[in-house]
There are 2 protein chains.
Amino acid sequence: MSEEQQQQQEQQQQRRRAQRKDGHLVIIGGHEDRTREMEILKRFVELAGGPDANIVVITAASTIADEMWSIYDEAFGTLGVQRRSHLEVTSRQDANSEEFVRRVDAATGVFMTGGDQKRLLALIGGSALDTAMHVALKERGATIGGTSAGASAMSGHMLAQGRAEILPEKGSVSLGAGLGFLHRVVVDQHFSERQRLSRLLSVVAQNPYLQGIGIDEDTALVVDIGSGIEVLGQGAVTIVDGRGMLTNVAFIKDRDTPELIDVRLHLLPAGSSYRLPSSDDAPGKGLPPPLLDFLENVTKRNPIS
Amino acid sequence: MSEEQQQQQEQQQQRRRAQRKDGHLVIIGGHEDRTREMEILKRFVELAGGPDANIVVITAASTIADEMWSIYDEAFGTLGVQRRSHLEVTSRQDANSEEFVRRVDAATGVFMTGGDQKRLLALIGGSALDTAMHVALKERGATIGGTSAGASAMSGHMLAQGRAEILPEKGSVSLGAGLGFLHRVVVDQHFSERQRLSRLLSVVAQNPYLQGIGIDEDTALVVDIGSGIEVLGQGAVTIVDGRGMLTNVAFIKDRDTPELIDVRLHLLPAGSSYRLPSSDDAPGKGLPPPLLDFLENVTKRNPIS
């Protein structure tokens with residue numbers, strides 16, 4: 001390209017960086033209240049701008065898209081959101097269409113429903129819509145929400161499928177490529193209700209690079225990019241960190257239970273809230289050191305992939 | 001007492017210390033195989049002397065003592081044990097009777113069946129029989145086995161009762177005084193099958209002094225006093241260590257879920273085996289450092305309580 005074009009592009013990038021606003025992720029473990037107090041959906045709406053929010057709902061994970069949309073149409077309506085619409089992606093053509101990208105560019109909140117995260121990724125993964133969601137989160141300060149499959153889809157390595165055995169098993173879980181709003185983590189949902197700790201330990205045993213995040217039903221992990229996290233709702237968020245563990249998983253047969261020594265486990269019930277340390281923190285106050293690395297990891301400002 | 005008596009007593013104690021042999025604990029998570037391979041019961045018999053073993057079975061935890069005895073009578077018979085008998089404790093008088101103490105003094109193996117650990121302790125806790133079992137383990141090198149309630153009863157702090165909620169809860173578990181063959185631990189059984197991790201985390205959150213040991217069904221933790229441990233059977237042993245954790249449990253209401261940060265979790269499947277480090281270990285070989293404290297704790301030679 002010409003020198004002039006290069007200059008224009010650099011100036012545009014500088015403007016972008018200058019104007020850039022960090023957004024929020026609202027990662028929900030499924031079965032969130034959609035009819036009563038709606039604590040979690042209410043927070044999603046507040047973060048997206050309250051009455052002025054412009055919310056698009058992506059139902060692509062689900063085979064009953066219309067029913068899903070009508071549920072959230074009613075919930076967000078009850079919460080006072082006028083500008084709400086169904087982004088009905090039925091093909092990759094939809095996910096790459098100018099119209100859908102324009103609608104995401106205009107949105108202050110993008111919500112992904114439950115269903116099957118593999119279906120969701122097959123339809124929107126790597127599309128122009130996917131990129132528009134990253135721009136919304138990382139440059140426009142928009143809020144990206146997802147429940148159940150929509151929660152699992154948020155990490156770069158996505159829990160694609162796996163049985164919830166009573167004990168961890170080598171080879172019982174398979175990962176896929178997710179949307180990558182978070183990296184070096186894997187998200188599981190319906191966590192305590194479906195007793196999925198052994199499944200998450202199976203992932204971490206085989207993939208110690210990933211920190212496991214298990215989110216209970218009607219519970220949300222809210223990530224404020226660049227600054228902190230909060231847990232909302234009825235349950236808890238379980239974090240499993242195997243980076244320092246010792247294991248024989250490399251040497252055992254498929255289906256065997258690995259030996260795991262020194263896995264770090266954190267349980268953050270609703271009400272827990274942490275922010276990255278700042279210079280004005282009193283010593284010993286604020287973030288417990290074992291959570292520092294997790295917090296730095298999930299709140300990290302990632303480039304637009 | 002007279003000087004002579006004192007001298008005799010000291011000489012006796014010196015002889016005892018000189019002749020003292022360390023025994024084994026076989027701590028079983030319930031539902032061990034009693035009719036087919038009987039891997040765990042076979043090991044119990046081997047440790048108790050094989051065909052020469054003299055095994056007494058304590059059924060005091062159970063309200064169906066005769067049925068319990070007939071099951072183990074047949075199992076130990078099938079395993080070639082001629083000298084086997086039912087130590088039927090129906091009162092604290094029985095537990096303090098010379099006859100029962102004599103029979104334990106003659107035994108090379110003492111096996112405690114399932115039932116209710118509170119019932120077992122109410123009948124034999126602190127009795128002459130209890131002391132005779134400690135002497136058997138710590139001076140005569142006998143083997144003490146227990147399954148289900150008989151396993152829970154082995155620790156000094158005993159899990160008396162508690163609901164297995166899907167999340168840890170303050171005040172949901174109560175402890176009692178156990179037989180004290182092990183200290184600074186609490187044993188739970190039927191562990192993975194009944195999804196009891198949250199219950200064990202509830203104990204550890206409130207009692208960080210105790211390391212939690214969860215034993216699966218048809219699985220045994222074998223403790224070789226003074227030297228090491230081994231896991232046998234079909235499942236695994238889960239160890240939960242909260243001594244270094246941070247928690248708000250002191251400041252929350254009953255029934256609330258505590259925040260737990262930096263709980264250490266170890267999963268030892270059947271086949272795992274560790275011994276205390278010895279001077280002739282090659283550097284980096286042998287015991288993983290995170291297990292050292294646990295191993296030193298459970299293999300410790302405790303005085304006769």
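## Sheet of chain A

In chain A of this predicted model, eight strands form an open sheet of mixed pairing in the order β3-β2-β4-β5-β1-β10-β11-β15. β3 (83–87) and β15 (273–275) of chain A stand at the edges with a single partner strand each, so one side of each has no neighbour in the sheet. Neighbouring strands of this sheet are turned against each other by 15° on average, direction ignored. Helices (H or I, at least four residues) and strands (E, at least two) are DSSP runs numbered from the N terminus, and two strands pair if DSSP finds at least two bridges between them. Strands of a sheet pair through backbone hydrogen bonds, in either the parallel or the antiparallel sense.

Residues are numbered from 1 along each chain as its sequence is written, and chains are lettered from A and ligands numbered from 1 in the order in which they are written. Local features need pLDDT of at least 70 and side-chain atom pairs count only at pLDDT 80 or more, whereas totals for chains, interfaces and linings use all residues; side-chain values use heavy atoms, with hydrogens and water left out.

Strand β2 (residues 54–58) of chain A pairs with β3(A) in the parallel sense over five bridges, and V57(A) stands opposite H86(A) in β3(A). Helix α5 (residues 98–106) of chain A packs on the sheet, where it touches β2, β3 and β4 (109–112) of chain A; its direction makes about 145° with that of β3(A). Contact means heavy atoms within 4.5 Å. Axes are lines fitted to C-alpha atoms, for helices over the stretch in contact, and angles run from 0 to 180 degrees between N-to-C directions.

## Sheet of chain B

In chain B, eight strands form an open sheet in the order β3-β2-β4-β5-β1-β10-β11-β15, with mixed pairing. The edges are β3 (83–87) and β15 (273–275) of chain B, each with a single partner strand. Strand β2 (residues 54–58) of chain B and β3(B) are parallel and share five bridges; the bridge partner of V57(B) in β3(B) is H86(B).

## Contact between the chains

The contact takes 30 residues from chain A and 30 residues from chain B. About 2500 Å² is buried between the two chains, with carbon and sulfur atoms giving 64%; buried area is the accessible area (1.4 Å probe) that two parts lose on being put together, summed over both. In chain A, I166(A), L265(A) and L267(A) lose the most area to chain B, together 22% of what that side buries.

β14(A) and strand β14 (residues 260–269) of chain B run antiparallel and are joined by five bridges. Within this pairing, L267(A) stands opposite L260(B).

## Salt bridges

A salt bridge is a side-chain nitrogen of Lys or Arg within 4 Å of a carboxyl oxygen of Asp or Glu. Over all chains, the whole structure holds 36 salt bridges, and the count between chain A and chain B is two. Two examples are tabulated.

| Salt bridge | N to O distance |
|---|---|
| R264(A) and D262(B) | 2.7 Å |
| R84(A) and D73(A) | 2.6 Å |

The pair of R84(A) and D73(A) links distant parts of the chain: R84(A) lies in strand β3 of chain A and D73(A) in helix α3 (residues 65–78) of chain A, eleven residues apart.
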